[in-house]
Amino acid sequence: MSRAAPVRPKGFHTAVRAHQVLGEKTCESRFKALHRTQPTTLVGRRKELDLLLDRWDLAKDGEGQIVWLSGEAGIGKSRLLQALQQQLGADGGHRLMAYQSSPERSASALHPVIAQLEYAAGFLPWDDSLQKLAKLEALLQRDVQAASEFVPLFASLLGLPAAGHRPTPDLTPAQRSAKTLEALVLHLEACAARLPVLLIFEDLHWADPTSIELFGMLVERVRHVAILAVLTFRPDFVPPWTRTGHVTLLSLNRLDRRDAADLAERVAGGKPLPAELVDRILFRADGVPLFIEELTRLVLESELITETVDRYVLHGSMPDTAIPTTLRGSLMARLDRAASAKEVAQLAACIGRVFSHEMLAATSTLEPDALRAALDQLSNNQLIDRSGLPSAQVHVFRHALVQEAAYQSLPKTRRRELHARIADVVEARFPDIIAHQPEWLAHHHAEAGHVGRASECLLDAARHAKSSYALREAAAHLEKCIAVLQDAPVHRCG
Ligand SMILES: Nc1ncnc2c1ncn2[C@@H]1O[C@H](COP(=O)(O)OP(=O)(O)OP(=O)(O)O)[C@@H](O)[C@H]1O
Ligand SMILES: [Mg+2]
């Protein structure tokens, strides 16, 4: 299959013209700044990073620590944790265990834990259940003594038949749930006994109730274990656990003016931007790093400035409307500039913050080459990131707010159409999702207005959660089912 030529970002041709006039070096820097794949250097946050490193020193010597890292959207919680990982990267003597929750999965019991186990065991999309079971057994044998006791519980959690293993005795749902959570905590403790663990749980505000219960148990148990657990959340979430001596609350504030200006300049690749423009960006962004980044990129992509050898200069006067007043406005403007790729971003936003290439390709009407080109453009414009093997690629919106902006940019009728398309494709081609993630399918049917099928899937989800002993999630699915039925239009005869 021939590879499509990469789609150039808007402004690229202007950059090429400028390149001919100004010489290679100047243009390269603007192009590089716009297409940087690495995050910009961490700006400020020295005290916060030192605090985390201090807690790590205690934890790795066996005095387990919990840090609750709180801050508004885009303030830099994930970025700070990246910096911590970079610092610890050199020390090599630790294990990273990363968990991530998402709004689409907030009613799926232990979804972040399942995803982490699947990742740690090295599951591939084309593995059959026997191959997955073998990988799970290998993981547990490496991590815990008496691994065979853990296999049936973990296999059941991952929806795998534990062939060849002693079945777990008959237990009540509550006993079964408690046993699974206990096994998960024991597994973490065993991992930490081998090598100090840096445990990161991102976006607790979207976590399912069972994950909250599990990490609540960990908060209690971690005290004498070599684990530093950093749990991030936005300020509207209050962790429902007691805050004891080994728990530190770290709240991230907005960047001060100097750091904010530093960030804008770094996003511009280190080349000074016109002072008037920087003033406007800083005024609008008000110290929120994501907003600073987005506005600076918007300006770099625009015709407002021209690049010279040692700086950017303003191109004429700057209209009042040049700088969007809200973060959402700025993200929308950047999506608009992505032109044809915007439609792919909108479809992807309906699928979720993380979307597999397989699912996107199955639901998109674009030819494979055109789809790849659109994804190249979104990636070049730093709106999405990619990971995984080319054959099993996974894409992720760089930030939850980018996904939200793409979703919000869809008119309601178009949203319904896209959700309907996703639901229909899943029904026809993804039996695994129907069997194991009916709540996800239900969400698409509900948003598409397919009331009957949405409620059936929610009932399946409730049964599935009950059989996995996640009773709170089962109740949540039933409540959602009632809400879907209540919202349905009533057709009266006569
Ligand atoms: N101190 C910093 N230095 C450089 N870049 C930063 C800094 N803080 C944040 N950023 C950048 O700002 C953007 C938003 O940061 P991040 O994703 O960490 O926010 P967040 O607090 O995790 O938001 P959310 O609650 O939505 O997950 C990222 O692109 C990140 O690289
Ligand atoms: Mg984050």
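The paragraphs below lead through a predicted model, from its nonpolar core to its open and closed spaces, its salt bridges and a few loop residues.

Because this is a predicted model, local features need pLDDT of at least 70 and side-chain atom pairs count only at pLDDT 80 or more, while totals for chains, interfaces and linings use all residues. Residues are numbered from 1 along each chain as its sequence is written, chains are lettered from A and ligands numbered from 1 in the order in which they are written, and side-chain values use heavy atoms, with hydrogens and water left out.

On a 1 Å grid over the protein atoms alone, a pocket is an open set of points with protein on both sides within 12 Å along at least five of seven lines, a cavity is a set of points where a 1.4 Å probe fits but cannot get out, and lining residues have an atom within 4 Å of a point. Grid points are joined across faces, edges and corners, and a volume is the space filled by probe spheres set on the points. About 490 Å³ of space lies in the second largest pocket, and of its 21 lining residues the closest to the centre are P103, E104, S106, Q403 and H443. The elements that give two or more residues to this lining are α14 (341-351), α17 (400-408), α20 (438-448) and α22 (471-487), and α17 gives the most, with 5 residues. By class the lining has 10 nonpolar, 7 polar and 4 charged residues, where Ala, Val, Leu, Ile, Met, Phe, Trp, Tyr, Cys and Pro count as nonpolar, Asp, Glu, Lys and Arg as charged, and the others, Gly among them, as polar.

The largest cavity contains about 60 Å³ of space and is lined by Y99, V113, Q116, L117, L184, H187, L188, L214 and F215. Two or more of these lining residues come from each of α5 (111-121), α8 and α9, and the lining has 7 nonpolar, 2 polar and no charged residues.

Side chains of opposite charge can pair when their charged atoms come close. The structure holds 27 salt bridges, each a side-chain nitrogen of Lys or Arg within 4 Å of a carboxyl oxygen of Asp or Glu. In one of them, R221 pairs with E189, the closest N and O atoms being 3.1 Å apart; R221 lies in helix α9 (residues 209-221) and E189 in helix α8 (residues 173-194), so the pair ties together parts that are 32 residues apart in sequence. Another salt bridge joins R463 to D460, with closest N and O atoms 2.8 Å apart, and both residues lie in helix α21 (residues 451-467), 3 residues apart, about one turn of the helix. R463 counts as exposed at 53% relative accessibility, whereas D460 counts as partly exposed at 30%. Elsewhere, salt bridges that share partners join E293, E294, R297, E301 and R334 into one network.

R45, in the loop between α2 (24-34) and α3, has a positive phi of about 60° although it is not a glycine, and R45 counts as buried at 11% relative accessibility. L110, in the loop between β2 (95-100) and α5, has a positive phi near 60° and counts as buried at 4% relative accessibility.

Definitions and conventions. Helix = DSSP H or I, 4+ residues; strand = E, 2+ residues; numbered from the N terminus. Buried < 20%, exposed > 50% of the residue type's maximum accessible area, 1.4 Å probe, protein only.
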